[in-house]
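Student: I would like to learn how to read salt bridges and helix packing in a model. Can we go through one structure together?

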Amino acid sequence: MTEIERSGFVTFVGRPNVGKSTLTNALVGEKIAITSEKPQTTRRAIRGILNRPSGQLVIVDTPGIHKPRTLLGERLNDLVEQVLGDVDVIGFCVPATEKVGPGDRRIAASLDGYARAKKIAIVTKTDAASRDQITERLMEVDALREDWAAVIPLSALTREQLDVLTDEMLALMPEGPALYPEGIITDESVEDRIAEMIREAALEGVRDELPHSIAVVIDDIAPREGTDLTDVHAQIVVERDSQKAIIIGRKGSRLADVGKRARVGIEELLGTRVFLGLHVKVAKEWQRDPKQLGRLGF
């Protein structure tokens with residue numbers, strides 16, 4: 001008797017920085033969402049696709065839910081709302097290393113608004129926590145709602161319990177054929193993935209006020225004639241001249257470093273050597289300006 005095939009959409013919610021993108025990447029088995037210590041690193045609904053003999057999971061990685069301070073922040077929250085209304089399963093994430101707080105409680109309560117989706121509670125980062133912390137967290141999380149289909153502790157880093165989560169999510173999906181052809185792991189375009197790799201490299205080591213001000217626009221990707229090189233040209237967009245100076249660094253040292261870091265992932269993605277041309281542009285207060293947001297794809 002063959003197994004019933006199931007397929008559907010899942011998203012992970014939680015405060016910023018609880019490990020949602022790391023979990024998405026671990027499940028898909030390849031880096032499709034950038035990760036950073038900075039909150040609100042994810043800015044789009046990124047789809048990762050996980051194929052199993054028994055079915056297919058489409059994982060939608062979304063920005064963390066937060067109190068918006070800019071128009072960009074509002075649009076990110078709207079995006080999360082939209083995704084939550086469309087998915088079959090919502091995985092609510094809390095790190096094992098931190099006590100459940102008001103932000104977690106608020107997000108858990110807000111899941112009432114999505115009656116259609118089944119809910120799973122996930123305690124992340126168990127590799128960094130003691131057994132007592134994990135037990136305490138599981139009890140706290142379990143008490144947040146009465147309708148959890150499962151409560152699962154796991155580590156995306158060590159991959160512990162990832163299969164348990166995958167099986168559980170698949171079992172909750174509606175019956176039906178795969179939504180994407182086999183072999184596809186994301187519906188993100190190559191341009192978007194490259195822009196995100198550059199943004200991730202630019203986020204590394206910057207001060208707290210800067211991360212939200214960074215956006216990346218790809219101008220051109222083209223193979224260089226007669227060589228095995230691909231030319232990639234991109235703009236790093238910031239909001240102020242002072243931020244531009246930080247990104248460029250002394251005598252361009254920081255920008256060169258960003259380029260070096262980003263190129264590693266881009267070469268892996270494209271399968272060729274890459275020349276990466278980066279320049280930094282100021283678009284004043286773009287996070288608050290509807291026109292600029294539209295231009296930058298938000």
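**Salt bridges and a helix contact**

Tutor: This is a predicted model.

Student: Where in the chain do Asp88 and Arg116 lie?

Tutor: Asp88 is in the loop between helix H2 (71–86) and strand S4 (89–95), and Arg116 is in the loop between helix H3 (102–110) and strand S5 (118–124). The two are 28 residues apart, and the pair links distant parts of the chain.

Student: Is Asp88 buried or exposed? And Arg116, buried or exposed?

Tutor: Buried means under 20% relative accessible area, and exposed means over 50%. Asp88 has 14%, so Asp88 is buried. Arg116 has 53%, so Arg116 counts as exposed.

Student: How many salt bridges does the structure hold?

Tutor: The structure holds 15 salt bridges. One of them joins the side chains of Glu196 and Arg199, at 3.0 Å from N to O.

Student: Why are Glu196 and Arg199 separated by about one helical turn?

Tutor: Because Glu196 and Arg199 are 3 residues apart in helix H6 (residues 190–203). Both Glu196 and Arg199 are buried.

Student: Which residues are linked in a network of salt bridges?

Tutor: Lys99, Glu136, Arg137 and Glu140 are linked in such a network. Within it, take Arg137 and Glu136: their side chains meet in a salt bridge with an N to O distance of 3.8 Å. For accessibility, read each partner separately. Arg137 is buried, at a relative accessible area of 2%, while Glu136 is partly exposed at 32%.

Student: Now the helices. At what angle do H1 and H5 pack?

Tutor: Helix H1 (residues 20–28) and helix H5 (residues 162–172) pack at about 85°, and their axes are 11 Å apart. An angle of 65 to 115 degrees counts as roughly perpendicular, so H1 is roughly perpendicular to H5.

Student: Which residues in H1 and H5 meet?

Tutor: From H1, the residues are Leu23, Ala26 and Leu27. In H5 they meet Leu162, Leu165, Thr166 and Met169.

Student: How many residues of the contact of H1 with H5 are nonpolar, polar or charged?

Tutor: The contact of H1 with H5 has 6 nonpolar residues and 1 polar residue, with no charged residues.

Conventions: Residues are numbered from 1 along each chain as its sequence is written. This is a predicted model: local features need pLDDT of at least 70, side-chain atom pairs count only at pLDDT 80 or more; totals for chains, interfaces and linings use all residues. Side-chain values use heavy atoms; hydrogens and water are left out. Axes are lines fitted to C-alpha atoms, for helices over the stretch in contact, and angles run from 0 to 180 degrees between N-to-C directions. Helices (H or I, at least four residues) and strands (E, at least two) are DSSP runs, numbered from the N terminus. Angles under 35 degrees count as roughly parallel, over 145 as roughly antiparallel, 65 to 115 as roughly perpendicular and the rest as oblique. Contact means heavy atoms within 4.5 Å. Ala, Val, Leu, Ile, Met, Phe, Trp, Tyr, Cys and Pro count as nonpolar, Asp, Glu, Lys and Arg as charged, and the others, Gly among them, as polar. A salt bridge is a side-chain nitrogen of Lys or Arg within 4 Å of a carboxyl oxygen of Asp or Glu. Buried means under 20% relative accessible area, exposed over 50%, partly exposed in between (1.4 Å probe, protein chains only).
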